Amino acid sequence: HERDSYPLSTYPMFSFDRGRVAAIDTAVGYDPAGARERLDPTIIAGGHEVIHAAVTVNESVRRGDTAVLCEEIAQRARRRATLVRIEVVTETHDVISFFGDDTPVSVVVHASCPVPR
């Protein structure tokens with residue numbers, strides 16, 4: 001039904017087709033060999049909340065101040081000895097293929113900065 005009501009719900013916010021391709025703003029780290037490493041919320045935003053980390057990156061991309069965010073993330077990334085560079089990016093993923101291979105279809109780099117030592 002096109003109608004959502006209590007006590008029965010079709011959960012329209014979760015049930016509509018979002019398409020197979022999704023763009024995701026995030027930050028990633030790189031090791032000396034150039035291998036990409038996923039960063040956890042404590043490095044991206046300084047806390048444990050995944051949504052907070054996602055919103056932090058989304059808002060930075062929207063405002064255009066990703067260089068500042070990159071530097072903040074790089075400071076926190078010093079905890080990981082393997083990381084030498086941080087990038088704030090928008091990755092486009094095939095959401096079905098992601099679970100077998102998380103390599104992005106495309107990447108837009110908004111900011112890149114070294115991890116200080």
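Mentor: Let us begin with patches, which are made of residues with over 30% relative accessible area and no salt bridge, like charges being joined within 9 Å and nonpolar side chains (Val, Leu, Ile, Met, Phe, Trp, Tyr) within 5 Å. Accessible areas come from the Shrake-Rupley method with a 1.4 Å probe, and for residues only the protein chains shown count as cover. Here, Y11, M13 and F14 form a nonpolar surface patch with about 390 Å² of accessible area together.

Trainee: On what basis do these values rest?

Mentor: This is a predicted model, in which local features need pLDDT of at least 70 and side-chain atom pairs count only at pLDDT 80 or more, while totals for chains, interfaces and linings use all residues. Residues are numbered from 1 along each chain as its sequence is written, and side-chain values use heavy atoms, with hydrogens and water left out.

Trainee: Where is Y11 found relative to α1?

Mentor: Helices (H or I, at least four residues) and strands (E, at least two) are DSSP runs, numbered from the N terminus. Y11 is in the segment before α1 (12-15).

Trainee: Which residues have the most contacts inside the largest nonpolar core?

Mentor: A nonpolar core is a set of buried Ala, Val, Leu, Ile, Met, Phe, Trp, Tyr and Cys residues joined through side-chain atoms within 4.5 Å. Buried means under 20% relative accessible area, exposed over 50%, and partly exposed in between (1.4 Å probe, protein chains only). The largest core here has 18 residues, and L39, I44, I73, I86 and V88 have the most contacts inside it. At least two residues of this core come from each of α2 (41-44), α3 (50-63), α4 (66-77), β3 (85-94) and β4 (106-114). The most, five residues, come from α4.

Trainee: What is L39 in contact with?

Mentor: Contact means heavy atoms within 4.5 Å. Leaving aside neighbours within four places in sequence, L39 is in contact with A27, V28, G29, I44, I73, R80, L83 and I86.

Trainee: How many bridges join β1 to β3?

Mentor: Two strands pair if DSSP finds at least two bridges between them. Strand β1 (residues 21-30) is joined to β3 by ten bridges, and the two run antiparallel. β3 is also joined to β4, by eight bridges and again antiparallel. In these pairings T26 stands opposite V89 in β3, and T92 stands opposite S106 in β4. Nine of the ten residues of β3 are buried.

Trainee: Is T26 buried or exposed?

Mentor: T26 counts as buried because its relative accessible area is 14%. Not counting residues up to four places away in sequence, T26 touches R38, I44, V57, E87, V88, V89 and E91.

Trainee: How many salt bridges does the structure hold?

Mentor: A salt bridge is a side-chain nitrogen of Lys or Arg within 4 Å of a carboxyl oxygen of Asp or Glu. The structure holds nine. One of them joins the side chains of D102 and R38 (3.5 Å, N to O). This pair links distant parts of the chain, 64 residues apart: D102 lies in the loop between β3 and β4, and R38 in strand β2 (residues 36-38). D102 is partly exposed at 29% relative accessibility, as is R38 at 32%.

Trainee: Which residue forms a salt bridge with R62?

Mentor: R62 is bridged to E59, their closest N and O atoms being 2.6 Å apart. Both lie in helix α3, three residues apart, about one turn of the helix. R62 is exposed at 60% relative accessibility, whereas E59 is partly exposed at 30%.
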